[in-house]
Amino acid sequence: MKERIEELLKQVKTLEASNHEELEALRIKYLSKKGEISALFNDFRNVANEEKKEIGKLLNELKNAAQDRINEIRAGFEAKESKGDSLDLTRTADSIALGTRHPISLVRNEIIDIFSHLGFTVADGPEVEDDWHVFGALNFPPEHPARDMQDTFFVEKNPDVLLRTHTSSVQSRVMERTQPPIRVLCPGRVYRNEAISARAHCFFHQVEGLYIDKNVSFADLKQALLYFAKEMFGPETKIRLRPSYFPFTEPSAEMDISCNLCGGKGCSFCKHTGWVEILGCGMVDPNVLEANGIDSKVYSGYAFGMGVERITNLKYQVKDLRMFSENDIRFLRQFENA
Ligand code: DAH
């Protein structure tokens, strides 16, 4: 038996195979249950007791040597394959997970699309602004509370460099470089010094609209907003305008739409009123036109501003504003097909 083991030991150390099939045949020959080494293990019973220790050790050595050599040959095959020496062109490609558009972007794009049918184009402006474009040019009196440290983030203690608190700042940027007719939409991010909660955040998104031409009236404003509401929330949607105040518009209004969850019947979302507020609007104050170099005796205009998060909440019932900036992939994936 000892000789047989030693002979096999020599054999297994020099095994060779040129492909996986040959290698498998070797494995079966030596290591399978019916293989040569297993047969020797079976015969081990008959070995005389005083030889058992030595033979047992040799047998284990043989088994390990066979296993090692087979592993070594297999590793050689695998290394070659991964180097591309053998390329499987029929293998299916790994699937590529596509990203999704953020719900805020989806809704912003939809707002832009709806107003583009009315001839509005997109205008851009900086997020880091100066006091003039955010407040001064928009008829905010110097003592207006919105300029207060409560609401505005200032950059480096310089009261003239701040993060814009609304996209109305782009109105003044557009007016100072363009004469009417002006018909622009200004989407963008705005910042306010608010404690972060489910209902408030220190940054959010707005879309501002501005239309200036000869003979622009409040009726034009109402018609444009009604068209927007029906396109955005469905043809059954009703609007109502409530008088309000903004420094940059006169008269000013806030617009409600009939609650799109209960159809106006009253539910907890609309606090049982049947209406939800979605934007502020009004006729551009003549002071604003003049401050930005537009003749208020020749031209008039309307403006409106809405929060994109608010519209998104209404469309998709997102209950917590923080969801929009936490980048939870489970939340974002829900908008894959939107
Ligand atoms: N800028 C206002 C805000 O941030 C929104 C707004 C109200 C914009 C009325 C307008 C407007 O253009 O006419 O709350």
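Modeller: Strand β3 pairs with strand β4 (residues 158-163) in the antiparallel sense over two bridges, where strands (E, at least two residues) and helices (H or I, at least four residues) are DSSP runs numbered from the N terminus, and two strands count as paired if DSSP finds at least two bridges between them. This is a predicted model, in which local features need pLDDT of at least 70 and side-chain atom pairs count only at pLDDT 80 or more, while totals for chains, interfaces and linings use all residues. Residues are numbered from 1 along each chain as its sequence is written, and side-chain values use heavy atoms, with hydrogens and water left out.

Within this pairing, F154 has L162 in β4 as its bridge partner, and V155 is bridged to N158 of β4. Two residues lie between the strands of this hairpin, and there E156 takes a positive phi near 50°. The loop between α6 (131-134) and β3 contains N139, whose phi is near 70°, a positive value in a residue other than glycine.

A second open sheet has seven strands, in the order β1-β5-β6-β10-β9-β8-β7, with mixed pairing. At its edges stand β1 (121-122) and β7 (239-246), each with a single partner strand, so one side of each has no neighbour in the sheet. Strand β5 (residues 182-191) and β6 pair in the antiparallel sense over ten bridges, and one example is R189, whose bridge partner in β6 is H205. A cis peptide bond, with omega about 0°, joins P180 and P181, and P181 lies in the loop between α7 and β5. Another cis peptide bond runs from E250 to P251, with omega near -5°, and P251 is found in strand β8 (residues 249-258).

Turning to the ligand, 15 residues surround it, and the closest are H166, S168, R192, Q206 and E208; a residue is counted as near if one of its heavy atoms lies within 4 Å. At least two residues of this shell come from each of α7 (168-177), β6 (203-213), β9 (275-284) and β10 (300-307). By class, the shell has five nonpolar, eight polar and two charged residues, where Ala, Val, Leu, Ile, Met, Phe, Trp, Tyr, Cys and Pro count as nonpolar, Asp, Glu, Lys and Arg as charged, and the others, Gly among them, as polar.

A polar side-chain atom of S168 lies 2.9 Å from a nitrogen atom of the ligand, one of Q171 lies 3.4 Å from an oxygen atom of the ligand, and an N or O atom in the side chain of R192 is 2.8 Å from a ligand oxygen atom. Taken alone the ligand exposes 360 Å², of which the protein buries 88%, by the Shrake-Rupley method with a 1.4 Å probe.

The ligand sits in the largest pocket, in the sense that more than half of its atoms lie within 2 Å of the pocket's grid points. A pocket here is an open set of points, on a 1 Å grid over the protein atoms alone, where a 1.4 Å probe fits and protein lies on both sides within 12 Å along at least five of seven lines.

Methods. A polar contact is a pair of N or O atoms within 3.5 Å; within protein, one must be able to donate a hydrogen and the other to accept it, and residues adjacent in sequence count only if both atoms are side-chain atoms. On a 1 Å grid over the protein atoms alone, a cavity is a set of points where a 1.4 Å probe fits but cannot get out, and a pocket is an open set with protein on both sides within 12 Å along at least five of seven lines; lining residues have an atom within 4 Å of a point.
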